[in-house]
Amino acid sequence: MTSSALVPTQHNAARVAEVNRHTAETRIHVRVNLDGCGISNLRTGIGFFDHMLDQIARHGMLDLDVHCEGDLHIDGHHTVEDVGITLGQAVAQAVGDKKGLRRYGHAYVPLDEALSRAVIDLSGRPGLFFDIPFTSAMVGQFDTQLTREFFQGFANHALATVHIDNLKGENAHHQAETAFKAFGRALRQAVEHDARMAGQVPSTKGVL
């Protein structure tokens, strides 16, 4: 039996949200502060995945707590996907009605030979467009195929359009790290306040 309990702790000034997701496969707690300082407290049981989530926090300048107990005796799939889902839910709660937001964010991030691009639209229309030709199936205990699953879960539940592209890269660690860093920076830009849009939803429809 699967249940997903959303527990909002949202404040207009700080834009904080918490989500608990408990299923037969994972037990997850996520807390996000979009107006944080890049501080993270991460425990998913997959070291490289924790490292990638830390990139989102640091480069997105958001405070992020992620605690997950997943069925890692099977593999990392449910853990990584469900963390993406739960983080997406938390971000969706934290941005609220999206009034005064920039809405769009983009970033290019290099790391040595690797270069990735991330583009985000807090559109209310979920969609992931993903192209990372990983050069290795594994980085540490992390299955690189799960990178797509993380971003798919996030896009679906943050109700965001997300484009992630690795433009160059030979080292799979670098490919993944540039993608997560670029995503963090793009998200930071998308959730920033735009003084010229104060009190307005950034859409001609008047709602996102």
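Predicted model: local features only at pLDDT ≥ 70, side-chain atom pairs only at ≥ 80, totals over all residues.
**View 1. Packing of helix 2 against helix 3.** Helix 2 (residues 77-95) packs with helix 3 (residues 146-158) at an angle of about 30°, and their axes lie 7 Å apart. Because angles under 35 degrees count as roughly parallel, helix 2 and helix 3 are described as roughly parallel to each other. The crossing in which helix 2 passes helix 3 is right-handed. By class, ten nonpolar, six polar and two charged residues make up the contact of helix 2 with helix 3. Among the residues that meet are Val80, Val83, Gly84 and Leu87 in helix 2, and Leu146, Phe150, Gly153 and Phe154 in helix 3.

**View 2. Surroundings of Phe150.** When neighbours within four places in sequence are left aside, Phe150 is in contact with Phe49, Leu53, Ile56, Val80, Val83, Gly84, Leu87 and Phe180.

**View 3. The largest nonpolar core.** This core has 56 residues, of which Leu53, Leu64, Ile120, Phe150, Val162, Ile164 and Phe183 touch the most other members. Helix 4 (residues 172-190) supplies the largest share of this core, with nine residues.

**View 4. Crossing of helix 1 and helix 4.** The axes of helix 1 (residues 47-60) and helix 4 come within 7 Å and cross at roughly 35°, and this crossing of helix 1 and helix 4 is right-handed. On the side of helix 1 the contact is made by Phe48, His51, Met52, Gln55, Ile56, His59 and Gly60, while the residues of helix 4 that take part include Phe180, Phe183, Arg185 and Arg188. By class, the contact of helix 1 with helix 4 has six nonpolar, six polar and four charged residues.

Technical notes. Residues numbered from 1 in each chain as written. Heavy atoms only, no water. Axes fitted to C-alpha atoms, helices over the stretch in contact; angles between N-to-C directions. Helix = DSSP H or I, 4+ residues; strand = E, 2+ residues; numbered from the N terminus. Parallel < 35°, antiparallel > 145°, perpendicular 65-115°, else oblique. Left-handed = near helix turned anticlockwise from the far one by under 90°. Contact = heavy atoms within 4.5 Å. Nonpolar A, V, L, I, M, F, W, Y, C, P; charged D, E, K, R; others polar. Core = buried A, V, L, I, M, F, W, Y, C linked by side-chain atoms within 4.5 Å. Buried < 20%, exposed > 50% of the residue type's maximum accessible area, 1.4 Å probe, protein only.
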